[in-house]
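Hi everyone, thanks for making time this morning.

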Amino acid sequence: MTVASQQVAAIEPKANATVRSRRRRVVPFVRGAIAIAVLLAAWEYFARSGIFSQAITPPLETIASALIAMVADGSIFKHTLATMLRVAIGLVIALAIAIPLGMLMGRHATWERILRPPLAVLMPIPSLAWVPLVVLWFGIGNVATVLIVVYASTFSLLYNVWMGVKTINSIWVRAAQAMNAERTRLFTHVIWPAALPSIITGIRLAFGRAWIAVIGGELLASPQWGLGKLIFDAKEYLNADVMLAALVVIGVIGLFFERVVFQLLERATVNRWGMANGGQR
Amino acid sequence: MAIAWQAAVWSGTFPAKLFPSLATVADTFVRLTLNGTMLVAAAATLFRLLFGFLLAAVAGIVIGLLMGRVQWIEDALLPIVSFMYPIPGIAYAPLFVLWFGLGDVPAILLVAAATSFTVIINTWKGVKSVKAVWIRSAQAMGASERAIFAKVVLPGALPYVLTGLRLGLASAWRILVAVEMLMSVTRGLGWLIFGSQQFLNTDVMLATIAVIGIVGMLLERQVFVRLERATVVRWGMMSS
């Protein structure tokens, strides 16, 4: 702490406390901003130094104008929409597969025995390894990319639902049964809410997987639209500015989902119900 | 599931060329293993994985430790790391091709770049999770800054670091397969799948996919479970 602020502290202790707490929030922000500025400046210097052609390492201005051009003609929105739609459809299909199967696996030992081996075999295979085969089977386009998303997201979801249902505090189930809850009521009032936190965690993980799979799928299976396709096309024409602009968009969307969508979802559900630690207290 | 697959093959709804029987896939697997194609491909892929992952591990742990221990480094790097972290590594692939050309170097660099963020985030969280009481009691007992780092912070952060390495290796493996398809390397499992697509060799593709799955599982089960048992589990910081 500086001498000046110590003097202030001697005169006005209360005011100083608020100053200090404000500083605690402002200082990291300033440092982060400086680091980003330094990084961008270094890039700008490197790009303009002419070590590499500006076609390969475009300066910020070029990247920004590429982004603005894509916003102006609306193409970036079409690409983003196509990618997001594939993720959404893929995730919905994955949910429709994983939630019932995971519930069955968690509740019934027979289903667990049937489904465990295929899960163990298929789960470690990277979804993108399937792309060339899926393209042969279904051709280039939406079916192939959505299938890859489904493959990428189903298993982590299934695993989480299964584990979530399996680790439900058995006292809760027995208590409900002792109070004569019939099966539907047991399901809607105990098992479903108790498994919901792990389902939400599963969705979050599945989104991360799906996000990688959709970009990779679009790069390899090149459908008409999509952020991956945008990057792939830009490579053909040496448009490094378009590629970097697309990467920025991909980063912003990823951050938005990670920080805003899922955090709000968790706050509104898991945290509000006090289930952040699985209800085991 | 195997029966369902076989039934679908025998029903003849799909051409056998596109939908080979399990026997054909097994045959192909044996043939490719015996003539060495599969081994050469797997060795090339594992070599890239090893180098990329080592780079990522070293860079990730160093940056993660610095972020965990030094306040201004954390303030400076956290926004950048959290922005880069959710970008799928594979999205950089065409850019890396543009910058570094085709072949091994960009593939290794890309795997390293994509993996390092997972390691950074987990190492940083690990250092942050070290209880302040442990550090203060070490200080009270007169431990030097270095001793605290080596004897308290490092072991305390290790469970998280290992988790980061484990997740990092898994994601490196996933990405590498796709990277090999995009970077037209001369050997490798991803290249084997991609090359077979041109000749409709679905049996080769499925055999390679199986190998990829098996290697991935071995990496996960064998390497890390052993490492964890030898360290954090033995020290009683985690139950196996």
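Let me start with one side chain: Glu61(A) is exposed, at 58% relative accessibility. By exposed I mean over 50% relative accessible area, by buried under 20%, and by partly exposed anything in between, with a 1.4 Å probe and protein chains only.

Some housekeeping before I go on. This is a predicted model, so local features need pLDDT of at least 70 and side-chain atom pairs count only at pLDDT 80 or more, while totals for chains, interfaces and linings use all residues. Residues are numbered from 1 along each chain as its sequence is written, chains are lettered from A and ligands numbered from 1 in the order in which they are written, and side-chain values use heavy atoms, with hydrogens and water left out.

Back to Glu61(A). What does Glu61(A) form a salt bridge with? The partner is Arg48(A), and the closest N and O atoms are 3.4 Å apart. A salt bridge here is a side-chain nitrogen of Lys or Arg within 4 Å of a carboxyl oxygen of Asp or Glu. Glu61(A) sits in helix 3 (residues 60-72) of chain A and Arg48(A) in helix 2 of chain A, so this pair ties together parts that are 13 residues apart in sequence. When I say helix, I mean a DSSP run of H or I with at least four residues; strands are runs of E with at least two, and both are numbered from the N terminus.

Arg48(A) is partly exposed at 44% relative accessibility, whereas Glu44(A) is buried at 19%.

Now a salt bridge in the other chain. Glu145(B) pairs with Arg69(B), the closest N and O atoms being 3.2 Å apart. This one links distant parts of the chain: Glu145(B) is in helix 8 of chain B and Arg69(B) in helix 3 (residues 37-69) of chain B, 76 residues apart. Glu145(B) is exposed, at 54% relative accessible area, and Arg69(B) is partly exposed at 32%. Returning to chain A for a moment, shared partners join Glu44(A), Arg48(A) and Glu61(A) into one network of salt bridges. Over all chains, the search finds 12 salt bridges.

How many of these salt bridges are between chain B and chain A? The count is 1. Asp75(B) makes it with Arg31(A), the closest N and O atoms being 2.8 Å apart.

In total, 40 residues of chain B are in contact with 47 residues of chain A, contact meaning heavy atoms within 4.5 Å. The area buried between the two chains is about 4000 Å², and carbon and sulfur atoms give 82% of it. That buried area is the accessible area (1.4 Å probe) that two parts lose on being put together, summed over both.

Zooming out to chain A: its secondary structure comes to 11 helices and 0 strands. Buried residues make up 45% of its 281 residues. Among contacts in chain A with a separation of 6 or more, 70% are between residues 24 or more positions apart.

Asn122(B), in helix 6 (residues 104-129) of chain B, is buried, with a relative accessible area of 11%. Leaving out residues up to four places away in sequence, Asn122(B) touches Tyr160(B), Thr163(B), Gly164(B) and Leu167(B).

Then there's Gly103(B), in the loop between helix 5 and helix 6 of chain B. Gly103(B) is buried as well, at 17% relative accessibility. Gly103(B) and Thr186(B) are 83 residues apart in sequence and 7.4 Å apart in space, C-alpha to C-alpha. Thanks, everyone!
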